[in-house]
Amino acid sequence: GNNYSYDWIVKETNFTRLCSTKKILTINGMFPGPALHVHKGDTLVVNVQNDANYNITLHWHGVKQPRNPWSDGPEYITQCPIKPGANFSYEIIFSSEEGTLWWHAHSDWSRATVHGPIFVYPKAGTTYPFPEPYAELPVVMASWNKGDVMEIIQDALATGGEPNQSDALTINGQPGDLYPCSKPGTFKAVVDYGKTYLLRVINAILNEEMFLAVANHTLTVVGMDGAYIKPLETSYIMITPGQTMDVLVTANQSPSHYYLAARAYAGLVYDNTTTTAIFQYNGSYNAPENPAFPNLPNYTDIDAATNFTTQFKALASEEHPIDVPISVDKRIIITISLNTIACASNSCDGPNNSSLASSLNNISFVTPEIDILQAYYRGLEGVYDTDFPREPPYVFNYTADVVPDDYLTPEINGTKVLVLKHNSSVEIVFQGTNVLASAENHPMHLHGFNFYVVGSGFGNFDNETDPKSYNLVDPPEMNTVGIPTSGWAAIRFKADNPGVWFMHCHLEKHASWGMETVVIVRNGKTEATRLRPPPSYLNPC
Ligand code: C2O
Ligand code: CU
């Protein structure tokens with residue numbers, strides 16, 4: 001592969017959206033941030049200089065970074081923040097990924113505006129496993145907040161309530177023409193009749209899963225999370241925060257303007273969720289006053305979401321084989337809960353004067369003050385515990401309508417990590433629970449790996465029967481899997497990447513409430529299976 005290096009400056013820059021101007025955190029003054037174009041096998045160095053007033057770190061979402069968690073980025077997990085005036089160089093190693101990924105800030109809620117696409121092209125001399133598209137079009141969806149996004153989450157944590165909703169969702173930085181003052185900037189995907197385009201779709205939104213469609217056009221999904229899938233024809237996609245999809249669309253309708261539109265799925269009910277771009281044919285014709293609008297599923301349409309998501313199958317070809325563990329050393333079951341805890345002050349905004357919280361296996365993650373990677377590498381005591389439970393410590397009918405009253409009792413706060421032996425074959429079953437009535441999907445994301453999604457279903461996972469229906473032939477590879485509302489999903493992977501890897505819900509508010517943990521994969525016996533030594537410079541805590 002090739003080596004490239006880039007210089008990125010973190011700075012605050014004025015942007016005008018929704019009729020008002022405010023400063024946002026950016027890289028090089030851009031929103032969305034700069035796109036990275038690489039080939040499989042390349043290595044990038046990104047030199048980051050922080051000229052803003054916030055601490056920041058950057059994460060390369062979906063890049064496995066073999067043996068190199070030092071450049072993975074989550075704040076206080078693999079590094080201490082790059083403070084105002086400081087700098088850090090990330091070394092980003094592209095090993096086996098191919099397709100669309102993204103990068104984003106990984107400190108507080110700074111990823112709201114600090115993110116951008118990563119396009120990983122096939123190695124020189126190899127091609128896509130589908131006909132070469134005529135051109136590619138990024139479709140980066142994000143959240144726009146009129147207020148300061150860091151304050152929004154700090155206020156929510158202080159009062160125990162829901163964080164304020166975003167004021168708009170955006171496509172390539174633009175809310176689109178359904179929002180006030182947004183028409184002139186609306187993103188236009190300009191296409192030639194008869195040509196096929198590769199949409200590089202990224203859900204960088206803070207808290208909403210999205211349905212997306214192009215009016216009158218069929219979409220063919222060919223990749224997801226940097227891995228190829230068997231081509232999937234569909235009239236819409238559903239994509240969770242954290243996920244990326246490679247989608248082919250052929251401009252084969254009568255030349256005109258069509259809406260490319262997206263709206264939230266199963267978010268809290270609010271009206272501000274439809275974001276638009278224009279899919280606009282080149283040529284001379286009378287552009288319609290109102291372009292055709294796609295048939296997007298309703299925000300409550302669980303069937304539309306499930307039907308789409310459960311169709312994914314890995315390409316599993318000779319050039320792109322899969323390597324799913326057929327048997328596993330241990331099945332780890334992790335319950336995912338939204339819940340409430342006692343109010344710290346006298347009045348809190350959660351249900352019945354409580355504070356909202358969340359947990360994995362009843363542990364609400366506490367972010368340490370020194371990064372876990374350094375503590376692990378140097379053997380520092382007292383930063384984390386290695387007793388993350390491998391079974392739910394509190395067993396109940398997880399997806400029943402009524403949750404036992406004493407549920408809250410065993411909830412604990414802690415920095416507990418899950419330790420895995422090098423090269424062990426791992427299965428994790430994520431089990432959703434209905435502790436708070438507003439059951440939501442949880443897009444669970446693991447750093448350092450792609451995993452195979454071998455099964456999913458509604459209700460409670462059944463140890464006896466459910467594994468019998470696993471797909472071990474062509475399960476899709478992902479780095480972020482949506483755990484269905486009132487249901488479960490099972491993933492498998494080989495713990496072959498030594499290091500410290502964050503695992504969390506990619507809904508930012510759930511993560512802030514504690515729906516996070518860390519996976520430590522031990523070193524192997526040979527030099528090539530050990531964690532790399534740290535870079536010569538690390539940011540002090
Ligand atoms: Cu997309 Cu922990 O990140
Ligand atoms: Cu969640």
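Modeller: One term before we start: two strands pair if DSSP finds at least two bridges between them. Also keep in mind that this is a predicted model.

Colleague: OK. How many bridges join β26 to strand β31, and do they run parallel or antiparallel?
Modeller: Three bridges join them, and the two strands run antiparallel. β31 covers residues 499–505.

Colleague: Which residue in β31 is the bridge partner of His445?
Modeller: His504 is the partner of His445.

Colleague: What sheet does β26 belong to?
Modeller: An open sheet of five strands, in the order β24-β32-β31-β26-β29. The pairing is mixed.

Colleague: Which are the edge strands there?
Modeller: β24, residues 417–420, and β29. Each of them pairs on one side only. From one strand to the next, the twist averages 20°.

Colleague: Let's zoom in on Met444. Where does it lie?
Modeller: Met444 lies in β26, which spans residues 442–446.

Colleague: Is Met444 buried or exposed?
Modeller: Buried, because 29 other C-beta atoms lie within 10 Å of Met444. The cut-off for buried is 20 or more.

Colleague: What does Met444 touch?
Modeller: Leaving out residues up to four places away in sequence, Met444 touches Phe430, Thr480, Val481, Ile483, Met503 and Cys505. Take Phe430: it is 14 residues from Met444 along the chain, and their C-alpha atoms are separated by 8.4 Å.

Colleague: New topic, helices. Which residues of α1 are buried?
Modeller: Val149, Ile152, Ile153 and Ala156. The helix itself runs over residues 149–159. Seen down the axis, those buried residues fall within an arc of 85°, so they line one face of α1.

Colleague: And what covers them?
Modeller: The cover over the buried residues of α1 includes α4, residues 508–512.

Colleague: What comes just after α1?
Modeller: Gly160, which takes a positive phi of about 80°.

Colleague: Now α2. Which residues are buried there?
Modeller: Ala305, Phe308 and Thr309, in a helix of residues 302–309. They cover an arc of only 90° around the axis, which puts them on the same side of α2.

Colleague: What covers that side?
Modeller: The elements covering the buried residues of α2 include β15 (227–234), β16 (237–239), β18 (257–265) and β29 (480–483).

Colleague: β18 again. What does β18 pair with?
Modeller: β18 pairs with β19 in the antiparallel sense, over six bridges. In β19, Gln280 is the bridge partner of His257.

Colleague: Why is β19 described as largely enclosed?
Modeller: Because five of its seven residues are buried. The strand β19 covers residues 275–281.

Colleague: What about the largest nonpolar core? Which members touch the most others?
Modeller: Met141, Ile237, Ile491 and Val518, out of 148 residues in that core. β18 gives the most to this core, with seven residues.

Colleague: What does Met141 touch?
Modeller: Among its contacts are Leu169, Ile171, Ile202, Ala204, Met210 and Ala262, not counting residues up to four places away in sequence.

Colleague: Switch to the sheet with β3. What is its strand order?
Modeller: β3-β8-β7-β5, four strands in an open sheet with mixed pairing. The edge strands are β3 (36–39) and β5 (58–61). Neighbouring strands are turned by 25° against each other on average, direction ignored.

Colleague: How do β5 and β7 pair?
Modeller: In the antiparallel sense, over four bridges. His61 stands opposite Trp102 in β7.

Colleague: Is Asn346 buried or exposed?
Modeller: Exposed, because Asn346 has 6 C-beta neighbours inside 10 Å. Asn346 sits in the loop between β20 and β21. Its C-alpha atom is separated by 10.0 Å from that of Thr159, 187 residues apart along the chain.

Colleague: Last one. Which residues does UniProt list for "domain: Plastocyanin-like"?
Modeller: The unreviewed UniProt entry lists residues 10–124, 137–284 and 388–524. In the model, the span 10–124 is 0% helix and 46% strand. Its end C-alpha atoms lie 32 Å apart.

How values were computed. Residues are numbered from 1 along each chain as its sequence is written. Chains are lettered from A and ligands numbered from 1 in the order in which they are written. This is a predicted model: local features need pLDDT of at least 70, side-chain atom pairs count only at pLDDT 80 or more; totals for chains, interfaces and linings use all residues. UniProt positions are given in the numbering used here, feature names are shortened, and annotations may be inferred rather than shown by experiment. A residue is buried if 20 or more other C-beta atoms lie within 10 Å of its own, exposed if 12 or fewer, and partly exposed in between; C-beta atoms are placed from the backbone. The arc is that of the directions from the helix axis to the C-beta atoms. Two residues are in contact if their C-beta atoms, placed from the backbone, lie within 7 Å. A nonpolar core is a set of buried Ala, Val, Leu, Ile, Met, Phe, Trp, Tyr and Cys residues joined through C-beta atoms within 7 Å. Axes are lines fitted to C-alpha atoms, for helices over the stretch in contact, and angles run from 0 to 180 degrees between N-to-C directions.
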